[in-house]
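Hi,

Here is the structure I promised to pass on.

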Amino acid sequence: MLKRDKGLDVLDKHKLQNKKIPFSETFAAMQALRFMWTYGTGKIAPERLQQSMRILLDRPEMADLVIADLARWKDWSLQDKLMKMYGEGEYNVPSVKRAIVRYMLVSSKDVTNGGGGAVAIPPHAANGQKLLDELRKKDPKTVSEAERFFVVP
(Lines give C-alpha, C1' and ligand atoms only; values in the text may rest on other atoms or scores of the structure.)
Protein backbone atom coordinates (compact mmCIF):
# COMPACT_ATOMS: atom_id res chain seq x y z
CA MET A 1 0.00 0.00 0.00
CA LEU A 2 2.88 2.35 0.77
CA LYS A 3 4.56 1.83 -2.62
CA ARG A 4 1.28 2.03 -4.56
CA ASP A 5 1.75 1.28 -8.29
CA LYS A 6 5.47 0.54 -7.88
CA GLY A 7 4.69 -2.03 -5.21
CA LEU A 8 2.06 -3.56 -7.45
CA ASP A 9 4.61 -3.78 -10.28
CA VAL A 10 6.86 -5.85 -7.99
CA LEU A 11 3.95 -8.08 -6.98
CA ASP A 12 3.06 -8.59 -10.66
CA LYS A 13 6.59 -9.52 -11.65
CA HIS A 14 7.57 -11.74 -8.74
CA LYS A 15 4.29 -13.37 -7.68
CA LEU A 16 1.62 -13.08 -10.36
CA GLN A 17 3.51 -13.55 -13.63
CA ASN A 18 5.93 -16.20 -12.36
CA LYS A 19 4.20 -19.54 -12.89
CA LYS A 20 6.90 -21.35 -10.89
CA ILE A 21 5.67 -19.70 -7.69
CA PRO A 22 3.68 -22.14 -5.51
CA PHE A 23 -0.09 -21.82 -5.46
CA SER A 24 -0.08 -20.69 -1.83
CA GLU A 25 2.11 -17.66 -2.60
CA THR A 26 0.10 -16.75 -5.67
CA PHE A 27 -3.11 -17.06 -3.67
CA ALA A 28 -1.65 -14.77 -0.99
CA ALA A 29 -0.83 -12.22 -3.70
CA MET A 30 -4.40 -12.46 -4.96
CA GLN A 31 -5.62 -11.87 -1.42
CA ALA A 32 -3.44 -8.76 -1.28
CA LEU A 33 -5.16 -7.45 -4.43
CA ARG A 34 -8.55 -8.12 -2.85
CA PHE A 35 -7.46 -6.31 0.31
CA MET A 36 -6.32 -3.29 -1.67
CA TRP A 37 -9.59 -3.23 -3.60
CA THR A 38 -11.62 -3.25 -0.39
CA TYR A 39 -9.46 -1.26 2.01
CA GLY A 40 -6.96 0.64 -0.13
CA THR A 41 -9.01 3.85 -0.02
CA GLY A 42 -8.03 4.90 -3.53
CA LYS A 43 -4.27 4.53 -3.09
CA ILE A 44 -4.13 2.42 -6.25
CA ALA A 45 -6.48 3.07 -9.17
CA PRO A 46 -9.16 0.39 -9.63
CA GLU A 47 -8.05 -0.10 -13.25
CA ARG A 48 -4.52 -0.89 -12.05
CA LEU A 49 -5.77 -3.48 -9.56
CA GLN A 50 -7.92 -5.05 -12.28
CA GLN A 51 -4.87 -5.22 -14.54
CA SER A 52 -2.95 -7.19 -11.92
CA MET A 53 -5.86 -9.52 -11.23
CA ARG A 54 -6.21 -10.24 -14.97
CA ILE A 55 -2.68 -11.70 -14.96
CA LEU A 56 -3.97 -14.55 -12.84
CA LEU A 57 -6.29 -15.73 -15.62
CA ASP A 58 -3.21 -17.47 -17.00
CA ARG A 59 -3.34 -19.78 -13.96
CA PRO A 60 -6.21 -22.21 -14.72
CA GLU A 61 -6.28 -23.44 -11.11
CA MET A 62 -7.25 -19.91 -10.02
CA ALA A 63 -9.40 -18.84 -12.96
CA ASP A 64 -12.79 -19.34 -11.32
CA LEU A 65 -11.80 -17.17 -8.34
CA VAL A 66 -10.27 -14.49 -10.56
CA ILE A 67 -13.30 -14.35 -12.85
CA ALA A 68 -15.62 -13.93 -9.85
CA ASP A 69 -13.49 -11.08 -8.49
CA LEU A 70 -13.33 -9.31 -11.83
CA ALA A 71 -17.11 -9.58 -12.17
CA ARG A 72 -17.50 -8.08 -8.68
CA TRP A 73 -15.08 -5.34 -9.70
CA LYS A 74 -17.09 -4.70 -12.90
CA ASP A 75 -14.17 -5.32 -15.25
CA TRP A 76 -16.11 -6.01 -18.43
CA SER A 77 -13.05 -5.87 -20.70
CA LEU A 78 -12.76 -9.68 -20.61
CA GLN A 79 -16.02 -10.72 -22.20
CA ASP A 80 -14.52 -11.87 -25.51
CA LYS A 81 -11.44 -13.42 -23.90
CA LEU A 82 -13.58 -15.46 -21.52
CA MET A 83 -15.70 -16.71 -24.40
CA LYS A 84 -12.55 -17.98 -26.12
CA MET A 85 -11.42 -19.66 -22.88
CA TYR A 86 -14.79 -21.35 -22.29
CA GLY A 87 -14.32 -25.10 -22.43
CA GLU A 88 -10.77 -24.92 -23.79
CA GLY A 89 -7.89 -27.01 -22.47
CA GLU A 90 -7.27 -26.63 -18.76
CA TYR A 91 -10.23 -24.24 -18.49
CA ASN A 92 -12.63 -27.02 -19.44
CA VAL A 93 -13.76 -27.65 -15.88
CA PRO A 94 -17.21 -27.03 -14.40
CA SER A 95 -16.10 -24.38 -11.88
CA VAL A 96 -14.48 -22.20 -14.55
CA LYS A 97 -17.40 -22.65 -16.93
CA ARG A 98 -19.87 -21.61 -14.21
CA ALA A 99 -17.69 -18.62 -13.30
CA ILE A 100 -17.72 -17.47 -16.93
CA VAL A 101 -21.50 -17.86 -17.15
CA ARG A 102 -21.93 -15.88 -13.92
CA TYR A 103 -19.59 -13.18 -15.24
CA MET A 104 -21.80 -12.84 -18.33
CA LEU A 105 -24.93 -12.80 -16.17
CA VAL A 106 -23.58 -10.00 -13.98
CA SER A 107 -22.32 -7.99 -16.95
CA SER A 108 -25.70 -8.27 -18.68
CA LYS A 109 -27.45 -6.97 -15.55
CA ASP A 110 -25.09 -4.01 -15.06
CA VAL A 111 -27.45 -1.32 -16.35
CA THR A 112 -28.15 2.18 -15.10
CA ASN A 113 -31.35 4.09 -14.69
CA GLY A 114 -31.53 7.05 -17.03
CA GLY A 115 -33.61 10.14 -16.55
CA GLY A 116 -37.33 9.64 -15.99
CA GLY A 117 -36.91 6.03 -14.88
CA ALA A 118 -35.69 4.81 -18.28
CA VAL A 119 -33.10 2.06 -18.23
CA ALA A 120 -29.93 2.73 -20.19
CA ILE A 121 -28.31 -0.45 -21.52
CA PRO A 122 -24.56 0.08 -21.87
CA PRO A 123 -22.60 -1.78 -24.57
CA HIS A 124 -21.05 -4.25 -22.09
CA ALA A 125 -24.52 -5.27 -20.86
CA ALA A 126 -25.82 -5.84 -24.39
CA ASN A 127 -22.68 -7.79 -25.30
CA GLY A 128 -22.90 -9.81 -22.07
CA GLN A 129 -26.48 -10.79 -22.92
CA LYS A 130 -25.49 -11.74 -26.47
CA LEU A 131 -22.62 -13.90 -25.22
CA LEU A 132 -24.81 -15.45 -22.55
CA ASP A 133 -27.31 -16.40 -25.25
CA GLU A 134 -24.46 -18.04 -27.19
CA LEU A 135 -23.41 -20.00 -24.10
CA ARG A 136 -27.02 -21.04 -23.53
CA LYS A 137 -27.08 -22.57 -27.02
CA LYS A 138 -23.60 -24.11 -26.70
CA ASP A 139 -23.92 -25.49 -23.16
CA PRO A 140 -27.49 -25.20 -21.81
CA LYS A 141 -26.85 -27.50 -18.87
CA THR A 142 -24.00 -25.43 -17.41
CA VAL A 143 -25.87 -22.16 -17.95
CA SER A 144 -28.94 -23.59 -16.24
CA GLU A 145 -26.82 -24.81 -13.30
CA ALA A 146 -25.10 -21.43 -12.97
CA GLU A 147 -28.39 -19.52 -13.10
CA ARG A 148 -30.06 -21.84 -10.61
CA PHE A 149 -28.42 -20.36 -7.51
CA PHE A 150 -27.50 -16.99 -8.93
CA VAL A 151 -28.90 -13.82 -7.44
CA VAL A 152 -28.06 -10.41 -8.85
CA PRO A 153 -28.41 -7.62 -6.26
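**How α2 and α3 meet**

On the α2 side, Met 30, Leu 33, Arg 34, Met 36 and Trp 37 are in contact with Pro 46, Leu 49, Gln 50, Ser 52 and Met 53 of α3 (contact being heavy atoms within 4.5 Å; helices being DSSP runs of H or I, at least four residues, numbered from the N terminus). Before you read on: this is a predicted model, where local features need pLDDT of at least 70 and side-chain atom pairs pLDDT 80 or more, while totals for chains, interfaces and linings use all residues. Residues are numbered from 1 along each chain as its sequence is written, and side-chain values use heavy atoms, with hydrogens and water left out.

The axes of α2 and α3 are 10 Å apart and the angle is about 165° (axes are lines fitted to C-alpha atoms over the stretch in contact, with angles from 0 to 180 degrees between N-to-C directions). The two helices are therefore roughly antiparallel, the word for angles over 145 degrees.

**Aromatic pairs**

Four aromatic pairs turn up across the whole structure (ring centres within 6.5 Å, using the six-membered ring for Trp; planes under 30 degrees apart are stacked, over 60 edge-to-face, the rest tilted). One of them is Phe 23 with Phe 27: the centres are 5.9 Å apart and the planes at 20°, so this pair is stacked. These two sit four residues apart in α2 (residues 23–39), about one helical turn. Phe 23 is partly exposed at 39% relative accessible area, and Phe 27 is partly exposed too, at 29% (buried is under 20%, exposed over 50%, partly exposed in between, with a 1.4 Å probe and protein chains only).

Phe 35 and Tyr 39 make a tilted pair, 5.1 Å centre to centre with 45° between the planes. They are also four residues apart in α2, about one helical turn. Phe 35 is partly exposed at 44%, whereas Tyr 39 is exposed at 52%.

**The core**

Which residues touch the most other members of the largest nonpolar core? They are Ile 67, Leu 82 and Met 104, out of 39 residues (such a core is a set of buried Ala, Val, Leu, Ile, Met, Phe, Trp, Tyr and Cys residues joined through side-chain atoms within 4.5 Å). Helix α6 gives the largest share, seven residues. Leaving aside residues up to four places away in sequence, Met 104 touches Gln 79, Leu 82, Met 83, Gly 128, Leu 131, Leu 132 and Leu 135.

Cheers

Terms used: Angles under 35 degrees count as roughly parallel, over 145 as roughly antiparallel, 65 to 115 as roughly perpendicular and the rest as oblique.
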